[in-house]
Amino acid sequence: MSGPSLWWIDWSLHSGSMRKETAGRFLLCFLAALYFLAMLLSGGVNRFLSGQYTITAILRIGVPAEEGAGIAAKVAVMGAVREAHYRTPDEAWEEFLVAYPGLETLRSEGKNPLPGYVEVRLRPERMSEEGIAEIQSALTPLSQVEKILSGGDIMPGLLRMKQWANALLWSGFALVCVVFLAILAMQERARATRLFPDVSFLADRGIPGNRIAARRAAGAFLAGGVVAALATGASFFALLLASGRFSLVRTVVGSAEELLDVRFLPAVCVFLLAASIFPGLASLAGWRAAYPKGR
Amino acid sequence: MIEAFCVGAVSRGRTLWEGLTLAAGKSEMWIVAGPPSCGKTLLMRILRGERRPDSGDVIVGGESLYRGSPEHNRRFRADSGVVPESFPREAGKTVVDLFRRSALVAEGVPAAEQEGRMAELLPLVGLSGAEGEEVSSLSASERTRVALAVELFRNPRYLFLDMVLANVGSEWADKLGGLLRALTREERTILMMERQLPEKWQAATVPSPRCAGPFLLYRLGDPRTVCTAAAEPPPVETHPEKTGGWG
C-alpha cells in the first residue's frame, strides 16, 4: 500500500472533518438526485396532467367495432401517444349509466343511442399544443370520426399554466443546486483555511502550490463523482420503493423502473458529471484561503 | 554543497550584513551564532532559496538558487528539511498527522515504511509512544524535537535548524549533538542558527569561529571546507580550540 498522495491531502490530514462533510454532501446529493430523477420521470406536472387528460374521438354511429379498434391501434403507434383504446357503443353506454344512473329509459327498444369512441392519452413529455394538434390532424380526416373532444379553447391556457408550473419546479431544483454549491464552497473554504499550515509546510519544502491545488481538485472531483454515484443510486432505490408502495407517487411521478430506459441515460450522466465537477470547482475556489496570492 | 557568495541582506531599510561568504559541504555542520534580530532566520531563508538576497548569490550543486531554474530551487527545497524557530501549536493535530504531512512531500512512501520510520525516529528524540499526542499539548522542547523527527522522516540531504538547540533545552541540546553528528557522517549538510553555542559544546572541541558581520560561524565536520567573510576579521579568541569530540 502506498502512502497518501496530494490527491487525498484533505482526507489524509483532516479525515475527521472530511468524514462529516462527506456525510453531509451525500445527504444533499441524495436530495438533489431524488428531486432530479423525480423531475426527469414526471416532467414536472406533465405526467399528472397526461394521466388526467384524454383526447376523445367520437366515432359515427354504425362504425363497426373492428374499424374502431383499427383506428385505436393506428393512433397508439404515434410518437406522442402513450395509449389509445377503443370503447364499443355498449361499453360507452355502461360508462354513461355509471356516470348518470337512472337514465336507462333513454335506451328505447334496445337501441343504443351512444356511438363508440377512441380514447387517446398522450405521453407526459408530449403534453403540449403540438402534441394535441398532431393527434387531431391524424384523426380529423377519418370519415369514421364524427367529433374530436380535446379540451377546446381552455387547453392553451391550461398548457401555459403547466409550463409555468414546470418552470417553477425546475427553479426549485436549481435552488437546491445553488444551496448545494454554496454549502460546498463554504465547506471547502473552511477546510482550506485549516489546511493553511499544511500547505505552507509543503510549499516550503518545494511542492508547488499549483500542483497541490490541481491534485486536490482532482481528488475532490473523483470523490465527488463517487458520492454522486452512490447518492443517485440510493435515490433511485428510494424512488423505486416509493413508487412501488404508493399509487400517488406512480400517478404524479411515475414508475421508477422507467428510469432504466436508455433515453434517461444522457441526463443522468450530465447530473453525475456536474455533481463531480462542483466539488472540484469548489476546491479550487477555496484554494486561496490555503495558499494566499503572492506566496 | 551550499555556497553563499558575498551575500547581503537589507531589512526594514537597514543593511543587516553584506559580503557574507560561506561554503557548506557534505558531512559538515555549521552553526551560525548571532544576537537576537541580527537576521539569522533571514540568512537561513536565503540559504534555503526562499528569499532572494539583496546582494550576492547562493549556489547549490553548481547552479544558482535564484538565477537558475525554478525547478532547481524546488528540487533543492524538496531535498532539504527545516525546523523553524517557532513551531505552531496547530489545534487538533497529532504527532502522527505531522508525519503524514511530511510523507506527502515524498509522495509514494509505503504506509508500512512510514510507520516503521516513525517508530524509529520518535525514540531518537525522546518521544517514544507519542504518536497519538496532540501537538498543542506538547512542550516547546517536545514540539521542536518532533519537528526535527518529522524532517528526518524524509531523509533530507540538507537540514536547516533555527534555534533548535535553544528550544530543546540544555539537556536535549547535548543529546541532539550526538544525533546530528551521526547525521553528518551520513553525508548530510546541517546548518544551525543559534544565539550562541551551548556551553557544553563550547567546552568541547570546537574549531575557532569566523566572524562574518553580526555572525560567528562555527564549522564542525570535514576540515577541508573553508569559511570566509568579506572584510573578515581574525578568528574570535573567546572560543579556543580544544581537542576531543563535540556535542
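Residues are numbered from 1 along each chain as its sequence is written, and chains are lettered from A and ligands numbered from 1 in the order in which they are written. Since the model is predicted, local features need pLDDT of at least 70 and side-chain atom pairs count only at pLDDT 80 or more, while totals for chains, interfaces and linings use all residues.

Let's begin with chain B. Its secondary structure comes to 8 helices and 11 strands; here helices (H or I, at least four residues) and strands (E, at least two) are DSSP runs, numbered from the N terminus. Of the 247 residues in chain B, 43% are buried, and buried means that 20 or more other C-beta atoms, placed from the backbone, lie within 10 Å of the residue's own.

Now some strands in chain B. Strand S1(B), residues 2–11, pairs with strand S4(B), residues 55–60, in the antiparallel sense over 5 bridges; two strands pair if DSSP finds at least two bridges between them. Ile2(B) stands opposite Val60(B) in that pairing. Val60(B) also has a bridge partner in S5(B), namely Glu63(B). S4(B) and S5(B), residues 63–64, pair antiparallel over 2 bridges. Their hairpin has 2 residues between the strands, and Gly61(B) there takes a positive phi near 60°.

Over to chain A. What is the order of the strands in its open sheet of 4 strands? They run S2-S3-S1-S4, with antiparallel pairing. S2(A), residues 81–87, and S4(A), residues 145–149, stand at the edges with a single partner strand each, so one side of each is left without a neighbour in the sheet. From one strand to the next, the twist averages 15°. S2(A) is joined to S3(A), residues 117–122, by 6 bridges, and Glu83(A) stands opposite Arg121(A) in S3(A). Helix H4(A), residues 65–76, lies across S1(A), S2(A) and S3(A), at about 175° to S2(A); axes are lines fitted to C-alpha atoms, for helices over the stretch in contact, and angles run from 0 to 180 degrees between N-to-C directions.

Finally, where the chains meet.

Conventions
Buried ≥ 20, exposed ≤ 12 C-beta atoms within 10 Å, placed from the backbone. Contact = placed C-beta atoms within 7 Å.
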